[in-house]
Amino acid sequence: MQNQLDPTKLVPLSKAARRVRGPSGKPTHTSTLHRWATRGLADVKLQVRYEGGNRLTCQKWIDEFFDAVTAAKLGLEDRRQTVTNSSQSAMRIEAAERALQQAGV
C-alpha cells in the first residue's frame with residue numbers, strides 16, 4: 001500500500017504523520033502524533049524510540065496503537081495490555097539483536 005510506512009523502518013513523527021489519515025482523509029498533524037506519544041489516547045500511548053533528540057516510530061507501532069485504542073474504547077482491557085506488552089518485548093528484542101550485531105556476536 002502506498003500510504004503506509006515500511007512496517008519496521010523507524011521514521012520521525014513528522015514523516016509518519018503525513019501517512020496517517022484523519023476522518024476527513026487529510027494527513028494528521030505532527031502535533032497529534034506527539035500528543036499520542038506523550039499523553040496518549042484512551043490510556044494508550046504511541047510507542048516511540050528516541051534517537052538524537054528525535055522521536056521515531058514505525059507503521060507496526062502505529063497499527064498496534066490503533067488496535068490498542070480500539071480495544072480500550074470497546075472495553076477489551078486485556079487486549080490492550082497484550083498489545084502494549086508484546087510491542088515492548090519486540091522493541092527489547094530488536095535492541096538486544098542490534099547490540100549483539102555491533103559487538104560482533
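**Confidence and layout**

Author: Start with confidence in the protein: helix 4 (residues 77–103) is lowest at a mean of 68, and helix 2 is highest at 95. This is a predicted model.

Reader: What is the mean pLDDT of the protein?

Author: The mean is 83. Of its residues, 82% reach 70 or more.

Reader: Now the sheet. How many strands, and in what order?

Author: There are 3 strands, in the order 1-3-2. The sheet is open and the pairing is antiparallel.

Reader: Which strands stand at the edges?

Author: Strand 1 (11–12) and strand 2 (49–51). Each has a single partner strand, so one side of each is left without a neighbour in the sheet.

Reader: How many bridges between strand 1 and strand 3?

Author: 2 bridges, with strand 3 covering residues 54–57.

Reader: What do strand 2 and strand 3 form, and what sits in the turn?

Author: They form a hairpin with 2 residues between them. Glycine 52 is in the turn, with a positive phi of about 60 degrees.

Reader: Buried or exposed, aspartate 43?

Author: Exposed, at a relative accessible area of 74%. Alanine 42 is partly exposed, at 29%.

Reader: Switching to the inside. How many residues are in the largest nonpolar core?

Author: 16 residues. Those with the most contacts inside it are Leu33, Trp36, Val44, Leu46 and Phe65.

Reader: Which elements give two or more residues to that core?

Author: Helix 1, helix 2 and helix 3. Helix 3 has the largest share, 5 residues.

Reader: Take leucine 33. What does it touch?

Author: Leu13, Ala16, Ala17, Thr28 and Leu46. That leaves out residues up to four places away in sequence.

Reader: Thr28 is on that list. Where is threonine 28 found?

Author: In the loop between helix 1 (13–19) and helix 2.

Reader: Is threonine 28 buried or exposed, and why?

Author: Threonine 28 has a relative accessible area of 15%. Buried means under 20%, so threonine 28 counts as buried.

Reader: What is threonine 28 in contact with?

Author: Neighbours within four places in sequence aside, threonine 28 contacts Ala17, Arg18, Val20, Arg21, Gly22, Leu33 and Trp36.

Reader: Rings next. How many aromatic pairs?

Author: 3 aromatic pairs. Take tryptophan 36 and phenylalanine 66: their ring centres are 5.5 Å apart and their planes are at 80 degrees, so the pair is edge-to-face.

Reader: Which parts of the chain does that pair link?

Author: Distant parts. Tryptophan 36 is in helix 2 (residues 30–38) and phenylalanine 66 is in helix 3 (residues 59–73), 30 residues apart.

Reader: Which residues make up the ring cluster?

Author: Trp36, Phe65 and Phe66, linked by ring pairs.

Reader: Last stop, helix 4. What about glutamine 88?

Author: Glutamine 88 lies in helix 4. Its relative accessible area is 34%, so glutamine 88 is partly exposed.

Reader: What separates the C-alpha atoms of glutamine 88 and tryptophan 61?

Author: 9.8 Å, with the two residues 27 apart along the chain. Keep the mean of 68 for helix 4 in view there.

Notes. Residues are numbered from 1 along each chain as its sequence is written. This is a predicted model: local features need pLDDT of at least 70, side-chain atom pairs count only at pLDDT 80 or more; totals for chains, interfaces and linings use all residues. Side-chain values use heavy atoms; hydrogens and water are left out. Two strands pair if DSSP finds at least two bridges between them. Helices (H or I, at least four residues) and strands (E, at least two) are DSSP runs, numbered from the N terminus. Rings of Phe, Tyr and Trp (its six-membered ring) pair if their centres lie within 6.5 Å; planes under 30 degrees apart count as stacked, over 60 as edge-to-face and the rest as tilted. Buried means under 20% relative accessible area, exposed over 50%, partly exposed in between (1.4 Å probe, protein chains only). Contact means heavy atoms within 4.5 Å. pLDDT is the predictor's confidence in each residue, from 0 to 100. A nonpolar core is a set of buried Ala, Val, Leu, Ile, Met, Phe, Trp, Tyr and Cys residues joined through side-chain atoms within 4.5 Å.
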